[in-house]
Structure formats: C-alpha cells, structure tokens
Amino acid sequence: MRILAAALATLIASPALAEDLVFTLVNDSSHSITEMYVSPVDQDQWGDNILTVASVDPGVSGDVTIADGLDVCEYDLRFVTAEGAEAEKTQDLCAIATFTVTD
C-alpha cells in the first residue's frame with residue numbers, strides 16, 4: 001500500500017508534459033491559403049509558416065499540428081492568401097477540433 005501511495009505521489013508531483021495541438025483546418029473561403037502562422041497570444045512575433053503544402057485551396061481541409069512544446073491553448077492565427085490578403089484570429093485551440101476559414 002505504501003508503494004502505491006508513493007507512486008501516486010510521484011505522478012501527482014510530476015509536471016505535465018506539453019502535448020501537440022491537432023485540429024482540422026477547413027478552407028471554406030473563396031481564396032487559396034498559402035501561408036499560416038501561429039503564435040501564443042503572449043508573444044509578439046510570428047513563427048515560421050507552418051503549412052506543409054503549397055496551398056490549401058477552397059473546399060480543402062487537412063490536419064494541422066502545432067508541436068511547439070508549449071503548454072498553452074490561446075493562439076493568434078494568421079492566414080495569407082495567394083493574392084496576398086491577410087486575416088488574423090485569436091483562438092483557444094484546445095477547445096476546438098475544427099477551425100474553418102471563411103470569407
């Protein structure tokens with residue numbers, strides 16, 4: 001019984017490991033998305049373009065993984081279209097399974 005209690009105490013005292021955030025990106029707009037950037041809301045800089053494809057065309061969806069090693073949920077999202085238009089949105093990515101881009 002003491003061994004089990006010690007093992008539980010160790011598990012409770014261990015810090016939680018950050019998990020990758022995975023969600024489905026749906027392009028329900030009339031524009032091709034050529035770049036996507038994410039940044040935790042408390043940071044002032046965008047990271048690199050996280051799209052692994054040349055573009056996400058209208059009507060296309062796919063899984064997005066944010067594997068930044070952080071333990072946060074609130075992210076700023078920035079999308080750039082093939083025409084160069086930009087859109088930004090803040091989203092709790094832990095609370096969604098799908099993020100839909102619209103016009």
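1. Let's start with the sheet in this predicted model. It is an open one built from three strands, running β3-β1-β6, with mixed pairing. The edge positions go to β3 (61-66) and β6 (98-101); each has a single partner strand, so one side of each has no neighbour in the sheet. On average, neighbouring strands here are turned by 30 degrees against each other, ignoring direction.

2. Now for one of the pairings. β1, which covers residues 21-27, runs parallel to β6, and four bridges link the two. If you want a spot to look at, find T24: the residue opposite it in β6 is T98.

3. Next, the inside. The largest nonpolar core counts 16 residues, and F23, L25, M36, L77 and F79 have the most contacts within it. At least two core residues come from each of β1, β2 (33-40), β3, β4 and β6.

4. L25 is worth a click. Setting aside neighbours within four places in sequence, L25 is in contact with M36, V60, S61, G62, V64, F79, F99 and V101.

5. How far to trust all this? The chain's average pLDDT is 85, with 83% of residues scoring at least 70. Among the elements, strand β4 (residues 74-81) has the highest mean at 97, while helix α1 (residues 2-13) has the lowest at 40.

6. A word of caution on the start of the chain. The pLDDT is below 50 over residues 1-17, and this stretch makes zero contacts in the model beyond near neighbours in sequence. Where pLDDT is low, predicted coordinates should not be read in detail.

Definitions and conventions: Residues are numbered from 1 along each chain as its sequence is written. This is a predicted model: local features need pLDDT of at least 70, side-chain atom pairs count only at pLDDT 80 or more; totals for chains, interfaces and linings use all residues. Side-chain values use heavy atoms; hydrogens and water are left out. Two strands pair if DSSP finds at least two bridges between them. Axes are lines fitted to C-alpha atoms, for helices over the stretch in contact, and angles run from 0 to 180 degrees between N-to-C directions. pLDDT is the predictor's confidence in each residue, from 0 to 100. Contact means heavy atoms within 4.5 Å. A nonpolar core is a set of buried Ala, Val, Leu, Ile, Met, Phe, Trp, Tyr and Cys residues joined through side-chain atoms within 4.5 Å. Buried means under 20% relative accessible area, exposed over 50%, partly exposed in between (1.4 Å probe, protein chains only).
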